[in-house]
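This report describes a protein chain for a reader who has its sequence and structure at hand. Please look over both before reading on.

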Amino acid sequence: MFDEINVKEKGEIMSKEELLAGMAKAVIEGNKEEAVALAKEAIAEKMDLNEVIEKGYVPGIQVAGKLWEEGEYFLPELVTSAECMKAAMGALRPELEKAHIDVKSAGKIVIGTIEGDIHDIGKNLVASILSANGFDVVDLGADVKLEKFIEKAEEEKVDLICLSALLTTTMIGQRKLIEMLKARNFLGRFAVMVGGAPVSQKWADDIGADGYAENALTAVQAAKNLLKKMKKG
Ligand code: B12
């Protein structure tokens, strides 16, 4: 499987496609140094960082996940790939954040992964891309208690609560949080957007979420639309 991704030796100038393939390969192989070096190169080359994430690093963790599901990778290898992905995102983050300096905030968001769920790669991507697109983002991390989302939303006076869930068991927490908001008459005060691999538009509709997005890029437009709707209503 790795043979398909053939990257040139160091020292040679790589094309954009080669760089993207190299990023995926670094994540698949768990090569943190290379993953970070390529992130820095992308910044130096002024590449579109949204594209770098979606076409470079994300396919890498997806292949690692597939190898795990197929029994070819064991959990430690998957964890190493996940760590690589996070290290690369860490290298890109300051540059992503720079993109929205001096831009008027598009809105304030609190985001986290639901209690019982430690998956945070996708949530981190959504947080970084929203932040790069002018939103003020309060990131609560992973394994976040439902009560904490509401507490922070009130404290920080956010417009939008973003809930990530990667496990079918923690998706239920998304429904519970909306019920908690309803019980406290908070619906309308905060909009709720849900996401995560097992989450769908249908699930979002069923639980009464205000919004859903399939990935970090579509989350930006969905968040903008939601805030526009809230301001009108
Ligand atoms: C990497 C990974 C891990 C890593 C996580 C590292 C980390 N720090 O995040 C490790 C190895 C630790 C791990 C652990 C486990 N995992 Co895991 N993991 C994955 C894997 C392979 C990839 C997830 C990922 O990072 N994808 C890449 C990111 C970029 O994609 P994403 O998370 O989907 O996010 C995108 C969208 O969903 C969306 N999005 C995400 N959040 C949000 C939020 C909002 C508001 C919006 C709008 C959008 C949005 O935008 C993101 C960016 O585009 C998936 C398989 C898969 N294909 O999803 C399994 C998977 C999620 N894991 C699974 C399981 C079972 C586990 C474990 C229970 C395994 C175990 N036996 O211990 C534990 C969980 C422990 C716990 N309590 O949480 C199952 C879940 C099954 C289920 N249906 O419930 C999956 C589906 C694998 C499988 N097929 O069995 N895992």
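## Lysines, loops and a domain boundary

The side chains of Lys 108 and Glu 156 are joined by a polar contact of 2.9 Å. This value, like the others in this report, was computed from a predicted model.

Lys 108 lies in strand 1, which spans residues 107-113. Beyond its neighbours up to four places away in sequence, Lys 108 touches Asp 136 and Val 138, and also the residues Glu 156, Lys 157, Val 158, Asp 159 and Leu 160.

With residues up to four places away in sequence left out, Lys 123 is in contact with Ile 111, Gly 112, Thr 113, Asp 139, Gly 141 and Ser 164.

Two residues in loops are described next. Lys 46 is placed in the loop between helix 2 (32-44) and helix 3, while Asn 185 is placed in the loop between helix 7 (168-183) and strand 4 (191-195). Lys 46 is not a glycine, yet its phi is positive, at about 55°. Asn 185, also a residue other than glycine, has a positive phi near 60°. Lys 46 counts as exposed because its relative accessibility is 73%; Asn 185 is exposed as well, with a relative accessible area of 71%.

| Residue | Relative accessible area | Class |
|---|---|---|
| Lys 46 | 73% | exposed |
| Asn 185 | 71% | exposed |

The report now turns to the chain as a whole. The domain assignment gives domain 1 (7-98) and domain 2 (107-232). Taken over C-alpha atoms, the centres of domain 1 and domain 2 are 26 Å apart. How many residues of each domain are in contact with the other? Twelve residues of domain 1 meet ten residues of domain 2.

The size of an interface is often given as the accessible area lost when the parts come together. Between domain 1 and domain 2 the buried area is about 960 Å², and carbon and sulfur atoms give 68% of this area.

One salt bridge is counted between the two domains. Lys 86 and Asp 120 form a salt bridge in which the closest N and O atoms are 2.9 Å apart. The count of residue pairs in polar contact between domain 1 and domain 2 is one, with both residues at pLDDT 80 or more. On the side of domain 1 that touches domain 2, the elements giving two or more residues are helix 3 (49-69) and helix 4 (75-98). Helix 4 gives the most to this side, with seven residues. By type, the residues on this side of domain 1 comprise seven nonpolar, one polar and four charged.

Definitions and conventions
Residues numbered from 1 in each chain as written. Predicted model: local features only at pLDDT ≥ 70, side-chain atom pairs only at ≥ 80, totals over all residues. Heavy atoms only, no water. Domains from an automatic or database assignment. Contact = heavy atoms within 4.5 Å. Buried area = accessible area lost by both parts, 1.4 Å probe. Salt bridge = Lys/Arg side-chain N within 4 Å of Asp/Glu carboxyl O. Polar contact = N/O pair within 3.5 Å; in protein donor to acceptor, adjacent residues only side chain to side chain. Helix = DSSP H or I, 4+ residues; strand = E, 2+ residues; numbered from the N terminus. Nonpolar A, V, L, I, M, F, W, Y, C, P; charged D, E, K, R; others polar. Buried < 20%, exposed > 50% of the residue type's maximum accessible area, 1.4 Å probe, protein only.
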